[in-house]
Amino acid sequence: MTIPILFEDGEALVIDKPAGLPVDRPKRGGPCLEDRLDELKLGFQRAPVPVHRLDTDTSGCLLLARNPKALKRFNRAFEERLVEKTYLAVLAGHPAEESGTIELALAKISSAEKGWRMIAAKKGKAAISHWQKVETLGEHSLIRFRPETGRTHQLRVHALKGLGAALLGDPIYGAGVVPGASRTMLHAASIVVPRDGKPPIEAHAPLPADFIALGASDG
């Protein structure tokens, strides 16, 4: 499995994370991005460090810092909501509107039977997602999300509770594996990170093959 490089300079890498590759080591063990960081040194002495996280199933843009000072600056940019991220998602259904903003606070719950999951809860942490319908894919819809916040499973819960349709293939909030979707159909399409005194970090991850197979176009 090769890991494409979408952006590279002296302080940052943006990779196109493959779907199915966890960023952190799973509790049950197995391959993860950590195993690949040495090969992403690309001539540098230090291995790069992921600045944020993507779910295991999620493909696309992942920012890595190449030194501690850069990591600190990038973390601050995320905390101050200066980082612009867009995601493409295939929904198992059609939202009633063409675009809008979802504001649903999220909280974590767990049970012995189902494990943990996120739910919409008034006393949860604030979560905001802007969205726009890109195209209709038969029984499904291609949606572009622009999250203002970065809560765990935010787009997956906002799709289900805010738009009334789960992400196709989602094993927790949707129907799980279905024809054409062997994973949760979410793709981190682009990222822009502003930098003082330097051009911003900008990267775009092309549509994965499973999105294209469902009829999605990179529009």
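A pocket is an open set of grid points with protein on both sides within 12 Å along at least five of seven lines. In the present model, which is predicted, the largest pocket holds about 1500 Å³ of space. Its lining comprises 39 residues, of which Arg 53, Leu 54, Asp 55, Thr 152 and His 153 are the closest to the centre of the pocket. Several elements of secondary structure contribute to this lining: at least two residues come from each of helix 1, strand 5, strand 10 and helix 2. These elements, and the strands with which they pair, are described in turn below.

Strand 5 spans residues 84-91, and seven of its eight residues are buried, so that the strand is mostly covered. Two partners were identified for strand 5. With strand 11, which covers residues 186-195, strand 5 pairs in the antiparallel sense through six bridges; within this pairing, Lys 85 has Ile 191 of strand 11 as its bridge partner. With strand 10, strand 5 forms five bridges, again in an antiparallel arrangement, and here Val 90 stands opposite Leu 142.

Strand 10, comprising residues 140-147, also pairs with strand 9 in the antiparallel sense, over eight bridges. In this pairing Gln 132 is positioned opposite Arg 144 of strand 10. The two strands form a hairpin with two residues between them, and in this hairpin Gly 138 adopts a positive phi near 65 degrees. Strand 9 runs from residue 128 to residue 137, and because seven of its 10 residues are buried, the strand is largely enclosed by the rest of the structure.

When neighbours within four places in sequence are set aside, Leu 142 is in contact with Leu 88, Ala 89 and Val 90, with Gln 132, Lys 133, Val 134, Glu 135 and Leu 137, and with Phe 211, Ala 216 and Ser 217. His 94 is 48 residues away from Leu 142 along the chain, and the C-alpha atoms of the two are separated by 9.0 Å.

Helix 2 extends over residues 154-163, and since seven of these 10 residues are buried, the helix is largely enclosed by the rest of the structure. The buried positions are Gln 154, Leu 155, Arg 156, Val 157, His 158, Ala 159 and Leu 163. Gly 164 follows the helix and has a positive phi, near 75 degrees. Beyond this point, Gly 174 is located in the loop between helix 2 and strand 11. With a relative accessibility of 30%, Gly 174 is classed as partly exposed. Gly 174 lies 15 residues from Ala 159 in sequence, with a C-alpha to C-alpha distance of 10.0 Å.

Most residues other than glycine have a negative phi. Leu 42, by contrast, has a phi near 50 degrees and is placed in the loop between strand 2 (12-17) and strand 3 (49-50). Its relative accessibility of 38% makes Leu 42 partly exposed. Arg 81 has a positive phi of about 60 degrees and is situated in the loop that lies between helix 1 (68-79) and strand 5. Arg 81 is likewise counted as partly exposed, at 44% relative accessibility.

As regards aromatic rings, a search of the whole structure returned zero aromatic pairs. The charged end of Arg 66 sits over the ring of Phe 44, at 3.7 Å from the ring centre. Lys 108 is placed over the face of Trp 116, with a distance of 4.5 Å to the centre of the ring.

Notes: Residues are numbered from 1 along each chain as its sequence is written. This is a predicted model: local features need pLDDT of at least 70, side-chain atom pairs count only at pLDDT 80 or more; totals for chains, interfaces and linings use all residues. Side-chain values use heavy atoms; hydrogens and water are left out. Buried means under 20% relative accessible area, exposed over 50%, partly exposed in between (1.4 Å probe, protein chains only). Helices (H or I, at least four residues) and strands (E, at least two) are DSSP runs, numbered from the N terminus. Rings of Phe, Tyr and Trp (its six-membered ring) pair if their centres lie within 6.5 Å; planes under 30 degrees apart count as stacked, over 60 as edge-to-face and the rest as tilted. A charge sits over a ring if NZ of Lys or CZ of Arg is within 6 Å of the ring centre and within 35 degrees of the ring normal. Two strands pair if DSSP finds at least two bridges between them. Contact means heavy atoms within 4.5 Å. On a 1 Å grid over the protein atoms alone, a cavity is a set of points where a 1.4 Å probe fits but cannot get out, and a pocket is an open set with protein on both sides within 12 Å along at least five of seven lines; lining residues have an atom within 4 Å of a point. Grid points are joined across faces, edges and corners, and a volume is the space filled by probe spheres set on the points.
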